Amino acid sequence: MEQKKHWQSFGELNNSEAFNAEVQNEFKEELPFVEDESTLEKGGSFLQAKAPRRDFLKYLGFSTAAAAVAASCEMPIKKAIPFANKPEDLVPGISDYYATTYVQDGDVISVLAKVRDGRPIKLEGNDLSPLTNGGTSARVQAAVLDLYDTARLRFPLMSGKEASFENIDKAIAAELNGAAVIVTSSITSPSTKAVIAQFLAKHPGSKHVTYDAVSHSSMLLANEACYGKRVLPSYQFDKAKAVVSLSADFLGTWLNPVEFAKQYATGKKLNEKTPAMSKHVHFETVASLTGSNADQKYTCRPSEIGAIAAGLLSAVKGQPITGINDVKLKEGIAVAADALIGNKNAALVVAGSNDVNVQIIVNAINDAIGANGNTINFGVTVNYRQGIDSDFATVVDDMNAGKINTVLFYGANPVYSWPQADKVKSGLAKVKTSISFNAKLDETTALCKYVLPAPHFLESWGDAEPAAGYYTFLQPTISPLFKTRPFEDSLLKWSGDATDFTTYLKNEWSRKLGSETAWNKTLQAGVLNPTSVPTAGASLNGAAVANALAVVAASKPNTTIELALYQKIGIGAGQGASNPWLQELPDPVTRATWDNYIIVSPSMARTLLNIDLNNAGQADDYEVHPPKKVVKLTVDGKSIELPVLIIPGTHPQTVGIALGYGRAEAVGKAVIGTGKNAFPLACIENGTVHFNCTNVTLSVTGETYPVALTQTHFRYDTAQGTRTEVVKEITLAEYKKNPTEILEEREAETKPYGGLEKYEAQGTIYPVYERPGIKWGMSVDLNSCNGCGACVVACNAENNVAVVGKPEVLRGHEMHWLRIDKYFSGDMDNPNVVFQPLMCQHCDNAPCENVCPVAATNHSSEGLNQMTYNRCIGTRYCANNCPFKVRRFNWSDYSGADSFPDNQEGIVNDVVINMSDDLTRMVLNPDVTVRSRGVIEKCSFCVQRLQEGKLKAKKDSRPFEDGDIKVACQQSCPTNAISFGNANDKHSAITKVRVENPNRSFYVLEQLHVLPNVTYLAKVRNSDEHEAAHEASNEKEAEKKA
Amino acid sequence: MHIKYESQLREPLVYGEKTFHQVTEDILRPIESKPSRLWYVGFFISVCLLMFGVYSVYREVTYGIGQWNLNKTIGWGWDITNFVWWVGIGHAGTLISAILLLFRQGWRTGVNRAAEAMTIFAVMCAGQFPIFHMGRVWLAFFIMPYPNSRGPLWVNFNSPLLWDVFAISTYFTVSLLFWYSGLIPDLATVRDRAFTKLRKKLYGITAFGWTGSTKHWQRHESLSLVLAGLSTPLVLSVHTIVSFDFATSVIPGWHTTIFPPYFVAGAIFSGFAMVQTLMLVVRKVFGLQDYITVGHIEMMNKVIVLTGSIVGIAYLTELFMGWYSQNKYEGYTFWYSRAYLFSPYGWSYWGMMACNVLSPQIFWSKKMRRNLFVTFFMSIIVNIGMWFERFVIIVTSLYRDYLPSSWSVYYSPSIYEIGFYMGTFGLFFTCFFLFAKYFPVIAVAEIKYVLKRSGESYKTGMEKLEAQPLDNFIHDNAHH
């Protein structure tokens, strides 16, 4: 065969020179650097080939220079200007604390204002006040934000135009002749009262009328009828072993809840060795905070309260109960009566009704059970509420009749909160000279001719006497931000007195106390307490009771749907509505923010809305979709359309609406689009405002309205088992029977890993670390916690937690570091409720820490799970892997701290933008980083306070002690439910709590072996009924095992 | 008696009587001719989608992750769902090129080029999500373990997210090298056939000076083998590590030891489905039916029914364990949040079951496996199902985890979440259209290699030999 030539290229075919050269070179390796082959050919090495290296250096030089130029773009410079003359005693970075007093209408709480570089940034309770003993409320905590409210009036107004105080004084001097009416909210200040008296004396025929939006006039009148004194006694829940509340929300909004919560909690603290608790029986119309805390509660109609009171009176007297047909209610009355009789002289009944007759009967019950003089002290009367509704009704009539020429409003806002607001408006139009002293242009102020901006309490001098003999003082912590003038200054001026109120106060108290030094000293303490507390009872007028009983017995039982108007703990009667912190504080009962709504019971939801919460599918559907059905509620010709929330624990035929919403836009950005005003639904009967109505009709409109809930699911039992690892509750009876039940449950949970003892070591494949030195720990007593939310707002204030606004809460973007979870158990129509404050658990084996790719969250040597914001890139893996879901992500630029300019507009709502206004930002705590968009944040155990406390100890050359710090939530808590400290210290409070409560302590989700540093003390309920949920789950599990 | 040189059982890998030249002509036609109107339309749509994606990402970077509907409970939603989905799709290419190369599966040659390209584009798309799901993407470089002046501050080597970074970047690099090294001979062919100077220049650069010399081929073959060896473990490791994002967590529904094999099977499943989708279109549009044959399609359908059944078993195992463990949290996630049809996301679980487990079973029928319409439809269904799988795993586990208090409201994506996802489709198809226009979608050189052993021309070439009696063959061979 002929050898055929195969070729791959023409080069090969033609045997060209180039081809041959290539063949030659095919397997020759050449170094790629060499550009000029001649170097090599000349026998040089490639190292001598200089061109590539030079090029390399050239490129390097150029790119470095380019990068440097690009990177050095100018950044905006913000200048901090130091003091030219440093004020004495002011050390930058060190906070000063001034004793002052939170005063809003009749509410009085002694506080310490934390002042940092000349601006108050936080309020803490004043331990020296025996009334509140350092406790605060959500509204106290939020009050500091009101100081920096951009909606505050900045100058006086005359007929809507800016004017100077001098001009207004002149104009008023000309107009002020004859009688004037001063309408104020309850005034607790003796000095203010004296100033008013001086003014009244100067202007004969004038009068002072106290107007409370939600008054206690029935109690005042009832006490007048029964005891001949129009006063409110002081209540002592701490002395009461049995408390019966006829829908009085004394832990939330009734008189002084901070004081009562403190007292009440003492009866709920459980000593494990000698277990005993007070018993609280509650009659509930619409689910309330206080009812949620009751040991036993019964639902009733608002109209039944009178009959229940009468029944209870009969029962405590050993007579048969009449007028009550409902079996459960009858049982409830019997239970309540048993508790009251069993604890004679240590029992207390309170009622929230504004019906004089009910209050008279309650007085009679208290008399019968020996409360009078024991748990009720007429020796110390309280001044929280002084208004009598009928007095103001007269003023309204007089205004309309043209009898009043001059009216002065101070703290009263009847145009908003009087049920017949139209009459107030029309009356006001007939008044020649209307004057308002107010921080904001609220509904009433807007209609007044003269508006004199009032200073915030943190800018004011003053005093207050919340209870007879207990004084607390106000001193300014910042010079007035705006052109404001105290109400008292104006009155003094218009009375022809040249002294200003500051001098007046100083003189008055120096005189009373004996010297100016004594006054200064008292001012420093902030409070002046009586040396001995007088106790006194009062003798009951039997005729009044008989009369009241007759009226109650005559009233026919009602079968229509009823409405109960109530106040929320944050918003109150509207005072908190303009405060973004309070608007965003989830209501403890409904866990809703930024709105009011109609509360209905699950059973009414079944018939009215076709939603059955016992049907998993329907319950899911209701829970996971924020838009709720809107219902039109009509009563007495007035109607309101609001979304509906289904809240178990509400009477089947009663609906509830919160007051305080639907404020005028001028009071602040926070009120825009939030809720509707329910005051017009209230009715006036016999001169008293009743916040209950009968004959309510409800109709579903077919529309929906989104309600921003921060918690949507409230049951911890599922078809797959009850999640008792989440929250533990037990009854006192069960506890007494078997004190170690909870311990045994924990033991069983950890049994696969050798039980509790060996759990830490055997629950993991990793070595166990020694944790010497400080180890921070917290304990929360679920028995003491009543869910009031003071800690939540305190945390906001302390840690610069951003407000995100309603649209963001709707999307589950709220930023709260501390939240109060609420769980139901048992019968869904009248369930048991547990509140569980939940913050970062600072796990020793934290699941968030090992998943962060950049180690932005890690463990400190003191057991803190710490967040390094600078390092965080925002993968959110930690938040996903947190079993407690306490990590919060900055979804948008909530704080205005972003490096991207102008990215709030159109993204977050006006409230949030307003929070980064220069004025509002003054409230920020400089010790805490303001987080920017895109990073995770969470509870730090107030690490800034821990550092401060440790430094304090270090400066004193001693080891850190318990008293050096209190974390913000712990400090604000009125019931001392939170203990905090060094768990490695045998003598610390936290160790003490843990050692003393071995049977009640538990860790949330202990079985996960994340080793939290927060212990909870199980909720113990003083009721005989078995813990239904618990029982059911145990049964179910037993069944499964069988 | 006669000898048969061609397999009687196997289908030919290339249809028709093709010469080497014919192969080159066929495959390079799209590159050397003007694109069709259809190409322009497709490309335009892809670019539009890409722009939508770019805008969505711009919104998210400028205004924050709040542009998406994630919340305090659901920290990951569409973002990570899409990430895992795209990574899964990016599995078929390397599997085809590496594992099938090692197993000497000749049929891979018809589809490996496009599948590898698909892999690279899919991994590019996947990579967008972990990058842009970061709250502060401008600091993304923090996840690189580079020497720094911050302490030095290192990354957290315990974090599965960091393992992801390494796994995916390695996978991407190796896949890219593999793909490109395979392209070099073909690019040289395009260069040699270039009809404009610019083409010559550009393809010349990309061909890296390939001359077709023996040495080049030798190196090329060794490199392919080395890269195949490197890629093979990667095929298994990448999705294993992606599954660790979930498996190493404490969340019920995530904390599952079955995840690694289940994720790998799922990835191959979805990858093959995507290859089917693309190949069916490509062979039709570019007229390459002879090279991407029904036989190829059938082969891949077999892989689909196999891997689909594997994931099916995994789903059932999970459900079984949800009950058998008697863990109330797991039980709730598997039996309520997922398997209960009327729970808020029950539909997604059953959608997943229907798409991934039930529907691929039709491929037990040969008729169905060879039906192009059914295949195309199923390839889409499978990818929808696999998207649901990731959504189910991520969202139904997160939205109701341990504490009932933190259970989430219903999560549905915002327009920008959808936009981001659409944007990655845009990116994927833009890349794929450009690839199809400028690169040979089938490995020309490799087809020619296959042609020597299979196909019509091989058959005719061998007819003469086959006609010879067996004795001749023995005689001829015995001679040697």
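Trainee: Which are the buried residues of α27(A)?

Mentor: They are A:A790, A:C791, A:V792, A:V793, A:A794, A:C795, A:N796, A:A797, A:E798 and A:N799. Keep in mind that this is a predicted model. Burial is a neighbour count: a residue is buried if 20 or more other C-beta atoms lie within 10 Å of its own.

Trainee: Which residues is A:V655 in contact with, leaving aside neighbours within four places in sequence?

Mentor: Contact here is judged between C-beta atoms, with a limit of 7 Å. A:V655 is in contact with A:I561, A:L563, A:I598, A:I599, A:V600, A:L633, A:V696 and A:L698. Take A:L633 as a case. A:L633 and A:V655 are 22 residues apart in sequence, and their C-alpha atoms are 9.5 Å apart in space.

Trainee: Now whole chains. What does the secondary structure of chain A come to?

Mentor: Chain A has 35 helices and 43 strands. Of its 1042 residues, 56% count as buried. Among contacts in chain A with a separation of 6 or more, 73% join residues 24 or more positions apart.

Trainee: How does the radius of gyration of chain A compare with that of a compact globule?

Mentor: Set the value against the length. A compact globule with 1042 residues would have a radius of gyration near 31 Å; chain A has 34 Å, which agrees. The C-alpha trace of chain A spans about 140 × 85 × 65 Å along its principal axes.

Trainee: How many helices and strands are there in chain B?

Mentor: Chain B has 18 helices and zero strands. Its radius of gyration is 25 Å, close to the 23 Å from the globule rule for 480 residues, so chain B is as compact as a globular protein of that length. Its C-alpha trace spans about 85 × 50 × 45 Å along the principal axes. In chain B, 52% of the 480 residues count as buried.

Trainee: How do I read a helix pair?

Mentor: Two packed helices are described by the angle between their axes and the distance between the axes. Take α5 (residues 112–132) and α15 (residues 415–438) of chain B: their axes come within 9 Å and cross at roughly 155°. That angle is why α5(B) is roughly antiparallel to α15(B). The crossing is right-handed.

Trainee: Which residues of α5(B) and α15(B) meet?

Mentor: From α5(B) come B:A117, B:F121, B:A122, B:M124, B:C125, B:Q128 and B:F132. From α15(B) come B:F420, B:T424, B:L427, B:F428, B:C431, B:F432 and B:F435. By class, this contact has 12 nonpolar, two polar and no charged residues.

Trainee: Last, the interface. How many residues does the contact take from chain B and from chain A?

Mentor: It takes 51 residues from chain B and 56 residues from chain A. On chain B, α2 (37–63), α6 (160–192) and α11 (328–338) each supply at least two residues of the side that touches chain A. α11(B) gives the most, with five residues. By class, the chain B side has 26 nonpolar, 20 polar and five charged residues.

Conventions
Residues are numbered from 1 along each chain as its sequence is written. Chains are lettered from A and ligands numbered from 1 in the order in which they are written. This is a predicted model: local features need pLDDT of at least 70, side-chain atom pairs count only at pLDDT 80 or more; totals for chains, interfaces and linings use all residues. Two residues are in contact if their C-beta atoms, placed from the backbone, lie within 7 Å. Helices (H or I, at least four residues) and strands (E, at least two) are DSSP runs, numbered from the N terminus. Ala, Val, Leu, Ile, Met, Phe, Trp, Tyr, Cys and Pro count as nonpolar, Asp, Glu, Lys and Arg as charged, and the others, Gly among them, as polar. Axes are lines fitted to C-alpha atoms, for helices over the stretch in contact, and angles run from 0 to 180 degrees between N-to-C directions. Angles under 35 degrees count as roughly parallel, over 145 as roughly antiparallel, 65 to 115 as roughly perpendicular and the rest as oblique. A crossing is left-handed if the near helix is turned anticlockwise from the far one by less than a right angle, and right-handed if clockwise. The radius of gyration is taken over C-alpha atoms; the globule rule is 2.2 Å times the number of residues to the power 0.38. A residue is buried if 20 or more other C-beta atoms lie within 10 Å of its own, exposed if 12 or fewer, and partly exposed in between; C-beta atoms are placed from the backbone.
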